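Subject: Structure handover and notes

Dear colleague,

I am passing on the structure we spoke about, and I would be grateful if you could look it over before reading my notes. The sequence and coordinates come directly below.

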Amino acid sequence: MSRIFVTGGSGRLGRSVVAGLAEAGHHVISVDRDAVPAGQLPAGAVQETADLLAPGEAQRLLRETKPDAVIHLAAIAVPFSAPEDVIFSTNTRLAFAVISAATEIGVPKIVTASSPTVLGYGSPAGWLPPSFPLDERTPAKPWNAYALSKLIAEQTAQMFAAAQGERIRYAAFRPCFVISPEEWEGAPTQQGHTLAERLADPALSAPALFNYVDARDVADFLDLLLQKMESIPNGETFFVGAADALATAPLADLMPRFLPGSEALSAGLTGTSPAFSIAKAQALLGWQPKRSWRSELKSHPTLNDETSTLVTAGTGAKETS
Ligand SMILES: NC(=O)c1ccc[n+]([C@@H]2O[C@H](COP(=O)([O-])OP(=O)(O)OC[C@H]3O[C@@H](n4cnc5c(N)ncnc54)[C@H](O)[C@@H]3O)[C@@H](O)[C@H]2O)c1
């Protein structure tokens, strides 16, 4: 059992990370500006309400709680949801404040959340990758303040890793479009649509290149990452996504409709293949996502029929019954 300090623990992803790590037997200290109602805090977790941008606050809480690991999630998590300069300064200052305070105190394992958007897809000036599937070697070309702030969060972890050598272990991860448990039941996703709507209209998932991940799979990934951080290279970055695409047709067919010029590049994305590779997390950590929209949506009676129809009409590559 470890003591794990999770920033942004009240958020869409944070709630599942706190719950998953507590369920795995860790003592979790959830730190967020907003508290979750006391009844919703899982056994094994405590929460602290704090503004981590307030001077000295991250350091004070870390000194008081003495964690074995820090997972930094707190951020403005939606591109263009605030003025660009506010997103840039909030996210970069939060990452620096938390990672530097944890380093100074000597927390042995420090992990920060990045985002697949660092790659630069969706740029109004056009974007094409060198190849599909996208992976950690795909060049980062952020085109907005959110994506740039996430790349800087990764580089902040790498900067401290370079300065500390092997004394402290650092990692960054890029979670795909996060689906929290209630969203499988019909709650709106981060962009406001339900999952059924995103599946029914590929134009809704195309801006994220049809990526997604179950928040509980991210919690499992983080638990495994913390266990393995001492035996993998320091300062690594990982994509964390589902093993399939959030689409009912193969991306080889869908991608060219939404990403002009990608016909040849995406020709290999057949069947249920996602655009983002998770091979690095599989190879270095042995992590495997357990949930897919094909398994999770099935449990909801009102979506069951619709989803089955969509899957049958789509790839046909996976049975849903
Ligand atoms: N949700 C996604 O699809 C997604 C995808 C890729 C990356 N991410 C990253 O994962 C992380 C979590 O995302 P999320 O969807 O849970 O976001 P969220 O907005 O639901 O949660 C972020 C939390 O951070 C807290 N926070 C913000 N500023 C703070 C401050 N100054 N002090 C203390 N707490 C503060 C907020 O109160 C909020 O609870 C973010 O870093 C985000 O960039 C999310």
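This is a predicted model: local features need pLDDT of at least 70, side-chain atom pairs count only at pLDDT 80 or more; totals for chains, interfaces and linings use all residues.

Residues are numbered from 1 along each chain as its sequence is written.

The UniProt record, in an unreviewed entry, lists residues 4-241 as "domain: NAD-dependent epimerase/dehydratase"; UniProt positions are given here in the numbering used for the model, with feature names shortened, and such annotations may be inferred rather than shown by experiment. In the model, the end C-alpha atoms of residues 4-241 lie 23 Å apart, and the span is 38% helix and 17% strand. Helices (H or I, at least four residues) and strands (E, at least two) are DSSP runs, numbered from the N terminus.

Ligand shell

There are 23 residues around the ligand, of which Gly 8, Gly 11, Leu 13, Ala 75 and Ala 77 come nearest; a residue is near a molecule or strand if its C-beta atom, placed from the backbone, lies within 6 Å of it. Helix 1 (residues 12-23) supplies the largest share of this shell, with three residues. By class, the shell holds twelve nonpolar, six polar and five charged residues, where Ala, Val, Leu, Ile, Met, Phe, Trp, Tyr, Cys and Pro count as nonpolar, Asp, Glu, Lys and Arg as charged, and the others, Gly among them, as polar.

Helix packing

Helix 3 (residues 84-105) packs against helix 4 (residues 145-164) at an angle of about 20 degrees, with the axes 9 Å apart, which makes helix 3 roughly parallel to helix 4. Axes are lines fitted to C-alpha atoms, for helices over the stretch in contact, and angles run from 0 to 180 degrees between N-to-C directions; angles under 35 degrees count as roughly parallel, over 145 as roughly antiparallel, 65 to 115 as roughly perpendicular and the rest as oblique. The contact of helix 3 with helix 4 has twelve nonpolar, six polar and two charged residues.

Helix 3 also meets helix 2 (residues 57-65), their axes coming within 9 Å and crossing at roughly 40 degrees, and helix 2 and helix 3 are therefore oblique to each other. On the side of helix 2 the contact is made by Ala 58, Gln 59, Leu 62 and Arg 63, and on the side of helix 3 by residues including Ala 97, Val 98 and Ala 101, where two residues are in contact if their C-beta atoms, placed from the backbone, lie within 7 Å. This contact of helix 2 with helix 3 has seven nonpolar, one polar and two charged residues.

Helix 1 packs with helix 8 (residues 215-228) at an angle of about 50 degrees, with their axes 8 Å apart, and this pair is therefore oblique as well. Helix 1 contributes Leu 13, Ser 16, Val 17, Gly 20 and Leu 21 to the contact.

Backbone details

Most residues other than glycine have a negative phi, and most peptide bonds are trans. Phe 80, which is not a glycine, has a positive phi of about 65 degrees and sits in the loop between strand 4 (69-72) and helix 3. A cis peptide bond, with omega about -5 degrees, joins Phe 132 and Pro 133, and Pro 133 lies in the loop between strand 5 (109-113) and helix 4.

With best wishes
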